[in-house]
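Me: I'd like to learn how to read a sheet and its core from coordinates. Can we work through an example?

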Amino acid sequence: MNTTDLTQTPIHADGSFEVHLQKSGQTLKVGKEQSILNALQDAGHEVPFSCSQGVCGTCLTQVVAGTPDHWDMYLTPEEQEANNQMLICCSRSQTARLVLDL
Ligand code: FES
C-alpha cells in the first residue's frame, strides 16, 4: 500500500500537481500552464472569480492541507505565510497535492 502523503511531497518535476476537493471528494490534475481556477472550471465547477490576477480576492479559498505557492497581491505576507488560504486564480502549489475546502 502506498502511504506517501502527497501534501508533504514537493511538486512534480513537470510543474503539475493535484487538487483534492474536500467537500465533493473529487481530485483534479492541474497542469503547468493551467490555473487551479481553470482546472475547476474545466471540471464543471462554478467558482466565484473576477480579476483572475490575484488582486481582488474574489477567488479566496481555504486550504485544508498541502502548501500553496502564493502569487497573489491580495494577501498580506503574514497571511501568505499561514498557508491556510489562497487565491486560486493565480497561486499554485509547492506540494504534489493541495486539499481545498471546496
Ligand atoms: S479572481 Fe481576483 S484574486 Fe482571484
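Predicted model: local features only at pLDDT ≥ 70, side-chain atom pairs only at ≥ 80, totals over all residues.

Me: Which strand is joined to β2 by 4 bridges, and do the two run parallel or antiparallel?

Reply: The general idea: strands of a sheet pair through backbone hydrogen bonds, either parallel or antiparallel. Here the partner is β1, residues 17–21, and the two run antiparallel. E18 stands opposite K29.

Me: In what order do the 5 strands of the open sheet lie?

Reply: The order is β2-β1-β7-β3-β5, with mixed pairing. β2 and β5 (85–87) are the edge strands, each pairing on one side only. Ignoring direction, neighbouring strands are turned by 40° against each other on average.

Me: Which residues have the most contacts inside the largest nonpolar core?

Reply: In soluble globular proteins, nonpolar side chains tend to be buried together. This core has 20 residues, and V19, I36, L40, M86, I88, L98 and L100 have the most contacts inside it. β1, β2, α1 (36–42), β5 and β7 (97–100) each give two or more residues. α1 gives the most, with 4 residues.

Me: What is I36 in contact with, leaving aside its neighbours within four places in sequence?

Reply: I36 is in contact with F17, V19, V30, M86, I88, S91, L98 and L100.

Conventions. Residues numbered from 1 in each chain as written. Heavy atoms only, no water. Pairing = 2+ DSSP bridges. Axes fitted to C-alpha atoms, helices over the stretch in contact; angles between N-to-C directions. Core = buried A, V, L, I, M, F, W, Y, C linked by side-chain atoms within 4.5 Å. Buried < 20%, exposed > 50% of the residue type's maximum accessible area, 1.4 Å probe, protein only. Contact = heavy atoms within 4.5 Å.
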